[in-house]
Amino acid sequence: MERKTVSDEKEMVERRIERLCSHLGAQSLTEEYQLAMASCAKVMVKFPVSSVVLTDYMKGKHRCLQEKILQYFRDRPELQTPVEISKDEHRELTMRQLQGLVREAGIRPLKSLLEDPYQYFAITEAAGTIDLSLAIKLGVQFSLWGGAVMNLGTQKHRDKYYAGIDNLDYLGCFAMTELHHGSNVQGIQTIARFDPQTDEFIIDTPNEGATKWWIGNAAVHGKFAAVFSRLILPGNEPDEVLDMGVHAFVVPIRDLDSHKPLPGVEIRDCGYKVGLNGVDNGALKFHSVRIPRENLLNRFGDVSRDGQYTSSLPTINKRFAATLGELVGGRVGLAHGSVGVLKTAVTIAVRYSLLRQQFGPPKQPEISILDYQSQQHKLMPMLASTYAFHFATVYLVEKYSEMKKSQDENVIADVHALSAGLKAYVTSYTAKSLSVCREACGGHGYAAVNRFGALRNDHDIFQTFEGDNTVLLQQVSSDLLKQYKEKFQGGTFNVTWNYLRDMMTTYLSEANPVIARREGEDHLRDPKFQLDAFRYRTSRLLHTAALRLRKHSKSLGSFEAWNRCLNHLLILAESHIESVILARFIEAVNRQECSCSLKASL
């Protein structure tokens, strides 16, 4: 074989660099351009985009509502959160902010939640712009406490509690998480034992580990709690008991007049947190607290006067799945809210980078730090991702709204998996991006007034509550594998997963599109090719994960096999969610109402 000379190798490297530069739209890498500081800026194509048109397209039909909320707080400086504020002051300020929003500004989040979820999430996004503690407290009151009563209860509960939840007279808590059980909700230990003698349930915390923990609104303001407990009924034999699984109960925790804890209810304060100190998280313990039988939120299971249990769903697991399915709005809200945080951080960082000037060519003015490739590399992919996440979460909200109206089983399953994946992916990305944005603003980004510290601390818990991100990604992988198996048994894929039906066939019969297809710029920039490449990757990961699990299950058992393949499964879930995000971005850009100038810029 002929030996390559140094000259040949140099020529080959230059050809590769030349091709890469052509793909990226950069100048040829010649002597003239090698040290040009702003070469990216020189070849940048400018698009005549109206900021008004872009804003209208992004904010959609609820732009006026969001502006009304923001203007309300602009006009009331006493309700704006100062940089320096104590925990107790912050909690009281957040409460006043919520009361002002509902009682003065006339915003009705509960009505929006039930009638137009898209409007509700627009309200929470605007509230988060003011203070994330306000958005979370609003969510605890209306989406969690209010949503539990409205969605898990029946008409009698709606009639009794709607008005009080809506006007903030009945401030409440969502008491699911326990000290020893977070993600494993089926393992919670709080007990609700039915007493047929008095027609009451007795709520008990059997041990310290069963203490309800991190409960929003519990430490200071809450008067009621939706308490998730194991429903225990007397059996046919004297000492026999029947565990009917996890159910939700309305439990009063404070006197409506004196606001003191009710007998048998022990309330603790969880104290200072890393962030969100405007939310009064507390702990709840119950010592033989009696509540009427009617306080069982009985949409999916009921107990008669004589202690007989009835349900339209045949098993504990089905009832549990139906219960959690009705609470999926919390994940939808966190995914949507996390994008709002990312929008704020990226906007601050990009604006600062445009105005901040450092260094420049000899004897010439200093240039904007956004003209440096390094700064563009930090912020421009993040800006593009923010747009993509916006369209993906808008799609999720639309699917959630459709689910609430239709109650279609396929849509429910689709929203459950999609909300898990988007919540995990977007919140993780935003958490990392907040640190990058702070760094991109240099020393000025470290000043508290510039919000990066507060945003980073307040948002950090988004990765944990409403489902730990690692656990949620496993749910996505589990769903993909289930549908992969059903596909080869003649089943159908859920709506969002439909592409896998065709891509699996493509994967098994054709070569990798990235390797086998042409390399021209037009082709590589073609959104269809990019989406095919993303989907091919997911199909490949899915197929190989299924083969590995089958192999390891034979020798290790299903649990250990899953653990052995866990990192593979997490990458599979992320790959699938990235495919969904890209598909929604492409779809949004190709909509009829998206003008040519908007398409070019997006």
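# From overall contacts to single residues

Of the contacts in the protein with a separation of 6 or more, 70% are between residues 24 or more positions apart, where contact means heavy atoms within 4.5 Å. This is a predicted model, so local features need pLDDT of at least 70 and side-chain atom pairs count only at pLDDT 80 or more, while totals for chains, interfaces and linings use all residues. Residues are numbered from 1 along each chain as its sequence is written, and side-chain values use heavy atoms, with hydrogens and water left out.

The protein has 22 helices and eleven strands. Both are DSSP runs numbered from the N terminus: helices are H or I with at least four residues, and strands are E with at least two. Among the 602 residues, 49% count as buried. Buried means under 20% relative accessible area, exposed means over 50%, and partly exposed lies in between (1.4 Å probe, protein chains only). The protein exposes about 29,700 Å², and carbon and sulfur atoms supply 53% of this area. Accessible areas come from the Shrake-Rupley method with a 1.4 Å probe, and for residues only the protein chains shown count as cover.

The interior comes next. A nonpolar core is a set of buried Ala, Val, Leu, Ile, Met, Phe, Trp, Tyr and Cys residues joined through side-chain atoms within 4.5 Å. The largest such core has 100 residues, and Phe142, Phe228 and Leu422 have the most contacts inside it. Helix H8, residues 132–152, gives the most to this core, with 13 residues. A second, separate core has 24 residues, including Ala192, Ala218, Leu233 and Val289.

Helix H11 is mostly covered, with 20 of its 27 residues buried. At 1.5 Å a residue, the 27 residues of H11 should span 39 Å, and the end C-alpha atoms are 39 Å apart, which agrees. The expected span is 1.5 Å times one less than the number of residues in the helix. Between helix H11 (329–355) and helix H12 (373–406) runs a loop that holds lysine 363. Lysine 363 is exposed, at 90% relative accessibility, and has a positive phi of about 60° although it is not a glycine.

Among the strands, S4, S8 and S7 form an open sheet in the order S4-S8-S7, with antiparallel pairing. S4 and strand S7 (265–269) stand at the edges with a single partner strand each, so one side of each is left without a neighbour in the sheet. On average, neighbouring strands of this sheet are turned by 25° against each other, direction ignored. S4 pairs with strand S8 (residues 282–286) in the antiparallel sense over two bridges; two strands pair if DSSP finds at least two bridges between them. Isoleucine 215 stands opposite glycine 282 in S8. Tryptophan 214 is found in strand S4 (residues 212–215). Tryptophan 214 is not a glycine, yet has a positive phi of about 60°, and it is partly exposed, with a relative accessible area of 47%.

One more loop lies between strand S2 (191–195) and strand S3 (200–204), and threonine 198 has its place there. Threonine 198 is partly exposed, with a relative accessible area of 38%. Threonine 198 and proline 292 are 94 residues apart in sequence and 8.7 Å apart in space, C-alpha to C-alpha.

Key. Axes fitted to C-alpha atoms, helices over the stretch in contact; angles between N-to-C directions.
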